[in-house]
Structures are given as structure tokens and as C-alpha cells.
Amino acid sequence: MADIGDAKHKLSPEDLSRLWSDFKNGGDMEAKDKILLNYGYLVKWIVRRMMPKYNNYNEYDDLVSCGMLGLIDAVDKFELKHKVKFETYAVSRIRGEILDYMRSQDWASPSLRKKISAITNAYEIYEGQNLGRPVDKDVADSLGMNVNQVRKIQNQTHMFNLVNFEDALGGGTNLEAEMGNFEENTPENELLDKEEKKLLAEIIDELPEKERLLITLYYYEGLLLKEIAEILRVTESRVSQIHSKVLAKMRAKLEKVI
């Protein structure tokens with residue numbers, strides 16, 4: 001299969017409609033492959049949003065592979081009769097597959113927790129002394145580590161907190177507009193969804209200004225961590241750390257009331 005998400009595989013609505021019909025009604029596997037190629041960009045977009053992509057360390061390829069499994073599942077299970085955009089349906093499936101993979105990883109061993117705490121404290125000290133200047137190397141030097149090691153741990157921290165925040169809400173944050181709820185639309189489900197959104201809104205409103213802005217830009221505006229870093233005028237690794245810290249804080253508050 002060609003590179004997923006390649007622009008040359010973007011199809012017109014008419015072509016897509018024909019391919020969906022050929023696959024769902026006639027079992028045409030070639031049509032299915034073309035559909036997967038067309039929507040492959042969703043996988044890459046979700047992975048870029050869910051993880052910090054540092055130059056020297058990432059699990060990008062692993063997460064893309066997991067995301068493709070989610071996309072395949074979405075294509076197989078999508079029902080044309082449902083009046084919902086496939087993109088909306090697929091995002092939740094792709095994201096769920098990636099989160100399942102992330103849950104299976106050992107993100108928080110005792111030694112990792114100790115390093116996370118040390119790195120977080122060091123960043124707060126050095127950034128307080130060097131406003132606006134990248135301090136990754138300063139932090140690494142002070143801890144007797146190299147920059148790649150520090151960034152690797154930051155990446156693991158971000159993913160660990162992201163997974164645990166999702167789990168605190170029973171598997172979904174409902175913050176991202178692209179994520180749909182495809183369970184039975186009962187009055188009970190609707191009430192729980194409203195209560196969950198109200199609770200999240202209250203927690204977000206209580207955050208400090210910078211943290212509230214980060215959550216808004218990430219979940220509501222759909223920006224990547226790199227784009228948020230440019231707005232906040234800090235490094236991408238620092239945005240990842242702040243995001244991770246906010247998720248941990250929000251998770252702790254949610255667990256007290258859920």
C-alpha cells in the first residue's frame with residue numbers, strides 16, 4: 001500500500017461515494033484499499049496531536065501502525081445508512097486503538113516517576129531564571145542526563161497522563177469536537193454526557209490562564225503542540241510538559257467526583 005495520507009490519494013466526494021458502495025455492497029477489497037489511502041491522513045493527524053514528536057525520540061511509527069488498525073476497523077464497521085461523517089466516526093476508532101496500545105505500555109515505573117519529578121522541578125527552577133530561553137540543556141546537565149534522555153522521559157510522561165486522564169472519564173474526554181459518541185442515544189447517556197461536560201468546563205475555568213489557554217487551543221481549536229508552543233513562546237517540549245501537568249491535575253480533580 002502506498003504512503004498513507006498522501007495528497008495524491010485524496011478523492012472527490014463522488015469517487016468516494018462510489019468506492020463505499022462498491023466495498024459495502026459488493027465486497028470490493030480494492031475499493032477498500034483506496035478508501036484507506038484516502039483517509040490515512042486522519043491517522044497521522046491524530047498521532048501528531050496525541051504525542052510530542054521530538055527530533056531524537058518518538059514512537060511515531062508504532063502509533064501510526066496502531067492508528068491504521070483503528071482506521072481499518074472503522075472502515076469495516078461504518079454503516080452508510082448512519083447520517084454521520086465517516087471522519088467523525090473514524091477519529092474515535094483510531095484514537096481508541098492508539099490509547100489501547102498506550103495503556104499496554106509500562107509508562108510509570110517507580111524509577112520513571114522519580115525522574116519525572118526531578119525533571120519537572122528542574123524545569124520550574126531554570127525557566128524561572130531564564131524567561132523565554134530554551135532550558136532543555138540546562139535541565140539535562142543539572143541532572144547528569146543528556147537532552148535526548150530528558151525528552152524521552154517527557155514523552156513518556158505526556159502519554160501516561162493522557163491515557164490516565166482519558167481513563168478517569170471512562171475512556172473519552174469529550175473535549176475534542178471531532179470525537180463522537182456512538183453508543184445508544186438513551187436519556188441516561190445524554191444526561192451523563194451533559195454532566196460530564198459541565199464538570200469539565202468547571203475544572204477548565206479554574207485553571208490558571210496559561211494552562212486554560214493551552215487546553216482551549218489543543219482540544220477546542222485542534223492545534224498541534226508545536227503550534228501551541230509558538231503561541232506561548234516556549235519550546236514544544238515545555239508545552240508537552242505543561243499539557244501533561246494539566247492533565248494530571250484535571251484527572252486528580254475528576255477522580256474525586258466521578
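**Overall fold**

The model is predicted. Its secondary structure comes to eleven helices and zero strands. The chain has 258 residues, and 45% of them count as buried. Among contacts with a separation of 6 or more, 69% join residues 24 or more positions apart. The accessible surface comes to about 13,700 Å². Carbon and sulfur atoms hold 49% of that surface.

**Nonpolar cores**

In soluble globular proteins, nonpolar side chains tend to be buried together. Here the largest nonpolar core has 55 residues. Leu71, Phe86, Ile98, Met102 and Met250 have the most contacts inside this core. A second, separate core has eleven residues, including Leu112, Ile116, Val135 and Val150.

Which residues does methionine 250 touch, leaving aside its neighbours within four places in sequence? They are Phe165, Leu200, Ile203, Ile204, Leu207 and Ile215.

**Aromatic contacts**

The count of aromatic pairs comes to six. Two of them are set out below. A pair of aromatic rings is described by the distance of the centres and the angle of the planes.

| Pair | Centre to centre | Angle between planes | Geometry |
|---|---|---|---|
| Trp20 and Phe78 | 5.3 Å | 55° | tilted |
| Phe78 and Phe86 | 5.1 Å | 80° | edge-to-face |

The pair of tryptophan 20 and phenylalanine 78 links distant parts of the chain. Tryptophan 20 sits in helix 1 (residues 13-26). Phenylalanine 78 sits in the loop between helix 3 (60-77) and helix 4 (86-103). The two residues are 58 residues apart.

Why is the pair of phenylalanine 78 and phenylalanine 86 edge-to-face? Its planes stand at 80°, and edge-to-face applies to angles over 60 degrees.

Phenylalanine 78 is buried, with a relative accessible area of 6%. Phenylalanine 86 is buried too, at 4%. Trp20, Phe78 and Phe86 belong to one aromatic cluster, along with Tyr39 and Tyr89.

Arginine 49 lies over the face of tyrosine 218, at 4.4 Å from the ring centre.

**Helix 10**

Helix 10 spans residues 225-232. Its buried residues are Leu225, Ile228, Ala229 and Leu232. Seen down the helix axis, these buried residues fall within an arc of 105°, so they line one face of helix 10. The face turned away from the buried side carries the exposed residues Lys226 and Glu230. Just after helix 10, arginine 233 takes a positive phi of about 60°.

**Aspartate 33**

Aspartate 33 lies in helix 2 (residues 29-50). Its relative accessible area is 37%, so aspartate 33 is partly exposed; the buried class stops under 20% and the exposed class begins over 50%. How far is the C-alpha atom of aspartate 33 from that of valine 75? The separation is 9.9 Å, although the two residues are 42 residues apart along the chain.

Terms used: Residues are numbered from 1 along each chain as its sequence is written. This is a predicted model: local features need pLDDT of at least 70, side-chain atom pairs count only at pLDDT 80 or more; totals for chains, interfaces and linings use all residues. Side-chain values use heavy atoms; hydrogens and water are left out. Helices (H or I, at least four residues) and strands (E, at least two) are DSSP runs, numbered from the N terminus. Buried means under 20% relative accessible area, exposed over 50%, partly exposed in between (1.4 Å probe, protein chains only). The arc is that of the directions from the helix axis to the C-beta atoms. Contact means heavy atoms within 4.5 Å. Accessible areas come from the Shrake-Rupley method with a 1.4 Å probe; for residues, only the protein chains shown count as cover. A nonpolar core is a set of buried Ala, Val, Leu, Ile, Met, Phe, Trp, Tyr and Cys residues joined through side-chain atoms within 4.5 Å. Rings of Phe, Tyr and Trp (its six-membered ring) pair if their centres lie within 6.5 Å; planes under 30 degrees apart count as stacked, over 60 as edge-to-face and the rest as tilted. A charge sits over a ring if NZ of Lys or CZ of Arg is within 6 Å of the ring centre and within 35 degrees of the ring normal.
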